[in-house]
Amino acid sequence: MGVVNVTPDSFSDGGRSFAPQAAVAHGLALLEQGADIVDVGGESTRPGAARPPAEEELRRVLPVVRELAAAGATVSVDTMRAEVAARALDTGARMVNDVSGGLADPAMLPLMARANTPYVLMHWRGHSAGMQANARYDDVVTDVVDELRLRIDAALEAGVPPGCLVVDPGLGFAKAPGHNWELLARLGEVRALGRPVLVGASRKSFLGQVLADPATGRPRPASSRDAATTAVSVLAAAQGVWCLRVHDVGSTLDAVRVTARWGAETAATVPLPLQRLGV
Ligand code: PMM
């Protein structure tokens, strides 16, 4: 899954694709690199970010969704708002990526019950402005899995078809750096929820911290974290993750294909995120 942020303030690309035409061109380039899905988002989820009003989010994402869908792309819309999800689905999107797992908008689960389309439930503990204060866990993996199970139950109760549900541990969302590493090391426990797993580690600050300049201690900037992202992607793919949400699709896809070849040789069953969405 390639990331198309239509925001002026994303941490990872600093608003590089803010103009609709630039965002469309970026999405087409990601498809060219081999992305199966392009994920179009109009709200920055950077820690501390302010939310745009719904009209502004619609103004950002709809033209981009329309053009990418018209070009034949499988488009996912990254939104916490049911209204934005509904309009994007009407405009050609075929998947909804909700970082709040249905918690931010009570209308989202009923919409997804009607939509019959893949729906990503991410682990979430509140909006970006204050989320890092919620990075408190007894055992982060057990707690995240338990909270995701509650969201799966809520979605099923609302009538979302079971086959539509995808889960995501929400790296960087109400997580300290160590929490992200623990979640990655124990992805098997997230997979045990019995749903396809999506992971979004791309360019996140916990990678920047590992790569900090030894002399100054300054974290590596987001623009130079793609090799680290590739390494994490390979390790996550080898643990059976279904989908990797990344900014640099080309390097991730190359690395995942090599991992698949390696897996074939060692006769290990390495489920990889290469399967197409059945939509
Ligand atoms: N991370 C970001 C945005 N959307 N969606 C899912 N499902 N999982 C994530 O980890 C995730 C997401 C933040 O990253 P960005 O600002 O680079 O888009």
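User: How do the residues of the shell around the ligand divide into nonpolar, polar and charged?

Analyst: In this predicted model, the shell holds seven nonpolar, seven polar and four charged residues.

User: Which residues come nearest to the ligand?

Analyst: There are 18 residues around the ligand, and those that come nearest are Asn97, Asp168, Lys204, Arg245 and His247.

User: What about the side chain of Arg245?

Analyst: An N or O atom in the Arg245 side chain is 2.8 Å from an oxygen atom of the ligand.

User: How much of the ligand does the protein bury?

Analyst: The protein buries 98% of the 410 Å² that the ligand exposes when taken alone.

User: Which strands each supply at least two residues of that shell?

Analyst: Strands β1, residues 2-5, and β5, residues 119-122, each supply at least two residues of the shell around the ligand.

User: Changing topic to the helices. At what angle do α3 and α4 cross?

Analyst: The axes of α3 (residues 82-91) and α4 (residues 108-115) cross at roughly 20° and come within 9 Å. Angles under 35 degrees count as roughly parallel, so α3 is roughly parallel to α4.

User: Is that crossing left-handed or right-handed?

Analyst: The crossing of α3 past α4 is left-handed.

User: And how does α2 cross α3?

Analyst: Helix α2 covers residues 54-70, and its axis comes within 9 Å of the α3 axis, with a crossing angle of roughly 20°. Helices α2 and α3 are therefore roughly parallel to each other. Here α2 passes α3 in a right-handed crossing.

User: Last pair: what is the arrangement of α9 and α10?

Analyst: Helix α9 (residues 226-238) and helix α10 (residues 249-265) have axes that come within 9 Å and cross at roughly 40°.

User: Why are they described as oblique?

Analyst: Roughly parallel applies to angles under 35 degrees, and the crossing is at roughly 40°. The two helices, α9 and α10, are therefore oblique to each other. The crossing of α9 past α10 is right-handed.

Notes. Residues are numbered from 1 along each chain as its sequence is written. This is a predicted model: local features need pLDDT of at least 70, side-chain atom pairs count only at pLDDT 80 or more; totals for chains, interfaces and linings use all residues. Side-chain values use heavy atoms; hydrogens and water are left out. A residue is near a molecule or strand if one of its heavy atoms lies within 4 Å of it. A polar contact is a pair of N or O atoms within 3.5 Å; within protein, one must be able to donate a hydrogen and the other to accept it, and residues adjacent in sequence count only if both atoms are side-chain atoms. Accessible areas come from the Shrake-Rupley method with a 1.4 Å probe; for residues, only the protein chains shown count as cover. Helices (H or I, at least four residues) and strands (E, at least two) are DSSP runs, numbered from the N terminus. Ala, Val, Leu, Ile, Met, Phe, Trp, Tyr, Cys and Pro count as nonpolar, Asp, Glu, Lys and Arg as charged, and the others, Gly among them, as polar. Axes are lines fitted to C-alpha atoms, for helices over the stretch in contact, and angles run from 0 to 180 degrees between N-to-C directions. Angles under 35 degrees count as roughly parallel, over 145 as roughly antiparallel, 65 to 115 as roughly perpendicular and the rest as oblique. A crossing is left-handed if the near helix is turned anticlockwise from the far one by less than a right angle, and right-handed if clockwise.
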